[in-house]
Amino acid sequence: MGLWTERVVPHLTDRALAGADVTVLREAACEGLAGRVLEIGFGSGLNLPCYPTSVASVDAVEPSDVGWELSAGRRGAGRVPVRRAGLDGQRLDAPDASYDAALTTFTLCTVPDPAAALAEVRRVLRPGGALHLLEHGLAPDDRVARWQRRLDPVQRTVCGGCHLSRDVPALVEAAGLVVEELTEVGLPGPAVSRPWTHCFVGRAVAP
């Protein structure tokens, strides 16, 4: 599955998450970003058109060379300068309190240790800086949550390690970030998959 994850999944993700409905959610997650921004899980750069003019620069953490290559056109066409700043969101090569804001979109589902990644986000955010997020995870409906857990092994295999059932709000709060805004919504897509992709859009602040 190494070749599938490395070469195929980035292309599938780029196509599956580029639709207009998902872009609306990306715009909501990016609203209010400003200054020096860290984006963990930059992927193919689908967030770039959603960045507000208040963003001065983006440091992108992206482990996939294919994903980074796919982002070349968007980076070239964008207003915001983007620098690839690392490969692993669990170990950031950045000083404490060095970013005004951070962004994750469809990242915490896949990173092997989301608690470590969020602890790093907390470390590098300046006091009062915010993590903006668009993530999917554990649904509040017990019936749906049971199915998410049953489908997790298949999801991880087919989608490059993606989990359906991670408790995103709990993970964010456990990292010491204060959730100030959080909206829950079903991810747009085929009806057969929609129940399992429960999304969280919001903002959590570093105290």
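How far is the sulfur of cysteine 50 from the closest cysteine sulfur? The distance is 5.2 Å, to cysteine 30, which is too far for a bond. This is a predicted model, in which local features need pLDDT of at least 70, side-chain atom pairs count only at pLDDT 80 or more, and totals for chains, interfaces and linings use all residues. Residues are numbered from 1 along each chain as its sequence is written, and side-chain values use heavy atoms, with hydrogens and water left out.

**Cysteines**
- A search of the whole structure finds zero disulfides (pairs of cysteine sulfur atoms within 2.5 Å).
- Cysteine 30 takes part in no disulfide, its nearest cysteine sulfur being that of cysteine 50.
- Cysteine 30 counts as buried at 0% relative accessibility, and cysteine 50 counts as buried at 10% (buried means under 20% relative accessible area, with a 1.4 Å probe and protein chains only).

**Helix H6: course and ends**
- H6 spans residues 142-158 (helices are DSSP runs of H or I with at least four residues, numbered from the N terminus).
- Its 17 residues reach 24 Å from first to last C-alpha, close to the 24 Å expected at 1.5 Å a residue (1.5 Å times one less than the number of residues).
- Glycine 160, with a positive phi near 65°, follows H6.

**Helix H6: buried residues**
- Val144, Ala145, Gln148, Asp152 and Gln155 are the buried residues of H6.
- Their cover includes strand E5 (125-137) and strand E7 (198-205) (strands are DSSP runs of E with at least two residues; contact means heavy atoms within 4.5 Å).

How values were computed:
Buried < 20%, exposed > 50% of the residue type's maximum accessible area, 1.4 Å probe, protein only.
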